[in-house]
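Reader: I have a model to look at. Can you show me how to read its pockets and its ligand shell?

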Amino acid sequence: MNEVIILGIESSCDDTSVAVIKGNKILSNIAANQEIHNEYGGVVPELASRAHQLNIVPTIEKTISEAKILQKDISAIGFTSGPGLLGSLLVGTSFAKSLAMSLNVPLIEVNHLQAHILAHFIEDANPQPPKFPFLCLTVSGGHTMIVLVNDYFDMKILGKTIDDAAGEAFDKIGKILNLDYPAGAIIDKLAKNGNENAFKFSKPKVADYDYSFSGIKTSVLYFIQKETKKNPNFIKENLNDLAASVQKTIVDVLMEKLEKAAKELKINEIAISGGVSANSKLREAMMQNHEKLGWNIFIPKFEYTTDNAAMIAMTAKLKFDRKEFSDLQVKARARVEGV
Ligand code: KG4
Ligand code: ZN
């Protein structure tokens with residue numbers, strides 16, 4: 001039997017991404033980034049949806065040609081229906097509907113957060129996929145949550161952030177430190193030459209498996225305001241140490257709750273996903289727990305961690321196997337409760 005070929009479209013935020021999957025193997029995965037937001041220090045929703053409109057057709061054409069398939073080989077169209085920015089989601093949703101209709105193939109809606117987790121099942125994401133049940137720390141610019149994954153589509157959020165997401169904390173603190181947006185990867189790089197114990201920032205106290213990151217941001221802001229009054233060059237002179245100390249604080253907070261969940265639920269299959277899982281300190285902390293606590297760890301390849309359509313195509317493939325198709329009335333939804 002021929003393997004199923006699915007085209008996935010992701011447009012929930014500021015990347016227009018398209019991928020083609022054959023079975024569980026990605027044939028092509030292309031993202032058109034929107035640099036237009038950098039000068040605003042964050043994603044501007046109106047500009048994002050306009051850029052999606054410009055990018056979507058060329059990105060689809062490029063992805064199909066790179067996958068070396070023909071349109072008639074496509075068995076279904078998967079797309080992100082939410083959560084995300086409504087204007088951005090609408091572009092992907094309407095395009096997916098018309099493409100499915102014109103090719104006369106099934107349409108499959110995908111929950112973006114489920115997809116971040118199911119990215120672990122892409123053939124080359126990990127040497128081996130995680131075994132059920134596993135825990136997945138999903139950390140991105142929009143989300144921070146610990147999810148108990150009992151099966152592909154049987155997931156439970158154990159805890160989540162009550163305010164900012166971890167990536168948002170990296171980005172907002174980056175702004176305080178006069179860094180470009182998004183600042184996560186920049187802080188990660190600077191931190192490599194810094195002393196992570198140089199400065200202490202207050203850690204949040206939140207119940208159970210929930211997180212909070214807005215207090216860390218405020219603690220950094222007040223500290224910087226106080227120090228720059230004494231020395232206007234304080235940030236410049238201490239940038240590496242500041243980056244390392246901020247990164248350590250955020251990663252410690254992320255890992256404390258993850259370790260608590262792993263211990264209390266007696267699970268040692270532990271995965272991370274989302275843009276912040278690219279962070280080298282977080283990866284190092286996972287590696288340490290592999291050695292110290294015997295965790296089997298799953299950190300997907302970089303291209304499957306930040307927003308991408310490969311994870312959308314993978315999730316659509318798993319839904320295709322279950323014949324979970326959507327009708328043309330399906331709507332984009334900015335908010336989606338649960339995973
Ligand atoms: O998953 P993603 O691409 O988009 C969202 O769904 O939000 O995640 C983007 C976030 C940004 O906040 C960015 O600063 C952060 O991931 N990020 C990092 C690193 N690379 C990206 N944060 C810390 N360290 C990194 N190396
Ligand atoms: Zn995401």
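Reader: Which residues line the second largest pocket?

Author: Start with the general idea. Rolling a probe the size of a water molecule over the atoms shows where empty space is left. Now the case here, in a predicted model. The lining of the second largest pocket includes Glu 196, Lys 248, Asp 252, Glu 259, Lys 281 and Lys 292. Val 251, Met 255 and Ala 285 are among the lining residues too.

Reader: Which elements give two or more residues to that lining?

Author: Helix H7 (234–265) and helix H8 (280–293) do.

Reader: How do the lining residues divide into nonpolar, polar and charged?

Author: Count 6 charged, 3 nonpolar and 2 polar. The volume of this pocket is about 160 Å³.

Reader: Now the ligand. How many residues surround ligand 1?

Author: The shell holds 19 residues. Gly 141, Asp 171, Asp 188, Gly 275 and Asn 279 are the closest. By type, 11 are polar, 5 nonpolar and 3 charged.

Reader: Where does ligand 1 lie, and why there?

Author: Look at who supplies the shell. Domain 1 (5–119 + 304–321) and domain 2 (130–299) both give residues to it, so ligand 1 lies between them.

Reader: Which backbone atoms lie by oxygen atoms of ligand 1?

Author: A polar backbone atom of Gly 275 is 2.9 Å from a ligand oxygen. For a backbone N or O atom of Gly 184, the distance to a ligand oxygen is 3.1 Å. For Gly 142, again a backbone N or O atom, it is 3.2 Å.

Reader: How much of ligand 1 does the protein bury?

Author: Alone, ligand 1 exposes 560 Å². The protein buries 87% of that. Helix H4 (166–176) and helix H5 (184–191) are the elements that each give two or more residues to its shell.

Technical notes:
Residues are numbered from 1 along each chain as its sequence is written. Chains are lettered from A and ligands numbered from 1 in the order in which they are written. This is a predicted model: local features need pLDDT of at least 70, side-chain atom pairs count only at pLDDT 80 or more; totals for chains, interfaces and linings use all residues. Side-chain values use heavy atoms; hydrogens and water are left out. A residue is near a molecule or strand if one of its heavy atoms lies within 4 Å of it. A polar contact is a pair of N or O atoms within 3.5 Å; within protein, one must be able to donate a hydrogen and the other to accept it, and residues adjacent in sequence count only if both atoms are side-chain atoms. Accessible areas come from the Shrake-Rupley method with a 1.4 Å probe; for residues, only the protein chains shown count as cover. Helices (H or I, at least four residues) and strands (E, at least two) are DSSP runs, numbered from the N terminus. Ala, Val, Leu, Ile, Met, Phe, Trp, Tyr, Cys and Pro count as nonpolar, Asp, Glu, Lys and Arg as charged, and the others, Gly among them, as polar. Domain bounds come from an automatic or database domain assignment. On a 1 Å grid over the protein atoms alone, a cavity is a set of points where a 1.4 Å probe fits but cannot get out, and a pocket is an open set with protein on both sides within 12 Å along at least five of seven lines; lining residues have an atom within 4 Å of a point. Grid points are joined across faces, edges and corners, and a volume is the space filled by probe spheres set on the points.
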